[in-house]
Amino acid sequence: MGASLIPDLPAGVKEIRTLTRSDCRPESAILLSGVDLGPIVDLPTPDFFGQHDASPAISLADGIAFLLGSLIGTPYCFASQQRGRMVLDVFPLAEHENRQLGCSSTAPLEWHNEDAFHPHRADFTLLCCIRNDQRAATRFVVARDVQLDTEVLRELREPQFVIMPDESHSNSFNAATSGVAADSGGAFARIAAMANTSPRVPVLTGAPHDPLICVDFAYMAKEVHSRRATAALVALREAIEAAACSVVLSPGDVLILDNRRTVHGREGFDARYDGTDRWLRRLNVVRESPVATAGRFAPGTLRVN
Ligand SMILES: O=C(O)CCC(=O)C(=O)O
Ligand SMILES: [Fe+2]
């Protein structure tokens, strides 16, 4: 038997594993501070997707995010976002100030689960902060802290809600911003098909004392919902506001959110487009091994096609 040369893991690393991997109920929101994200912090905030791709600082920051995600589960990405890159950039894009996407700025980003419409949405979302001079807060709420009447809870557990794909997965948005990868046609076709079939899903599932939530208010049109379903969404939104937590991320902060038990959003802020704007980087993680979820990933990759 060979000798182990691996030193003991740092306490913080062990703690992330314990908190997020606990079988019964993982911690729903964890903030790591003082993470060394490397020389990426010296790069100006990009004006467009992929601007710094030739910089080794980007590869290093990708690797650090990937390693952090690997403490929790399996990092993965979608072929339909930012050319299928593993770590997604979140910074304000000129002329997109009022969109309901991470690249907005003036408009507050509505409460949502990451990729709420997608059957392969993440179990955990990591938000790594490169800079946040504008001090715009990320908002989040844990579903079990949301107080609702029995009747509203009953409505929210009915499979009657339609969540449309958000625009970050559309061929047109990607073609106009990051560009699209050559082999991503099938992925965009599948997203378009999801938009056409509009499956009806519940907003709340799971145990009443530890509910799972899936919602994206900006992509749930009033017209396709009954009056009672709409009223339940209004009540849910108010209750989320009442229970909301806020965190102003600083450089080196990494916010880990359980994407099944929390919803999140962001305050509005004024973009400057001078290289000093707010810049986060986001990573999706699933808990199970890809072997257990065969078919989810494109062959030989960690990418949902
Ligand atoms: O900017 C933030 O704080 C959150 C961004 C976000 O929710 C997203 O990019 O999906
Ligand atoms: Fe988000």
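Predicted model: local features only at pLDDT ≥ 70, side-chain atom pairs only at ≥ 80, totals over all residues.

Me: Great. Where does ligand 1 sit?

Reply: You'll find ligand 1 in the largest cavity. That cavity has a volume of about 450 Å³.

Me: And which residues surround ligand 1?

Reply: Among them are Val90, Leu109, Glu114, Arg266, Arg278 and Arg282. By class, the shell has three nonpolar, four polar and four charged residues.

Me: Which side chains have an N or O atom by an oxygen atom of the ligand?

Reply: His264 is one of them, with such an atom 3.0 Å from a ligand oxygen. For His112 the distance is 3.2 Å, and a polar side-chain atom of Thr138 lies 2.6 Å from an oxygen of ligand 1. The protein buries 98% of the 290 Å² that ligand 1 exposes when taken alone.

Me: Which elements give two or more residues to that shell?

Reply: Those are strands E4 (109–112), E11 (262–266) and E12 (279–286).

Me: Back to the cavity itself. How many residues line it?

Reply: The lining has 34 residues, and Leu101, Gly102, Leu109, Glu114 and Arg282 lie nearest the centre. Helix H4 (171–176) is one of the elements that supply at least two lining residues.

Me: New topic: how many cavities of 30 Å³ or more are there?

Reply: The structure holds four.

Technical notes: Residues numbered from 1 in each chain as written. Chains lettered and ligands numbered in written order. Heavy atoms only, no water. Near = heavy atom within 4 Å. Polar contact = N/O pair within 3.5 Å; in protein donor to acceptor, adjacent residues only side chain to side chain. Areas by Shrake-Rupley, 256 points an atom, 1.4 Å probe, with all protein chains shown as cover. 1 Å grid on protein atoms, 1.4 Å probe; cavity = no way out; pocket = protein on both sides within 12 Å on 5 of 7 lines; lining within 4 Å. Sits in = over half its atoms within 2 Å of the grid points. Helix = DSSP H or I, 4+ residues; strand = E, 2+ residues; numbered from the N terminus. Nonpolar A, V, L, I, M, F, W, Y, C, P; charged D, E, K, R; others polar. Points joined across faces, edges and corners; volume = space filled by probe spheres on them.
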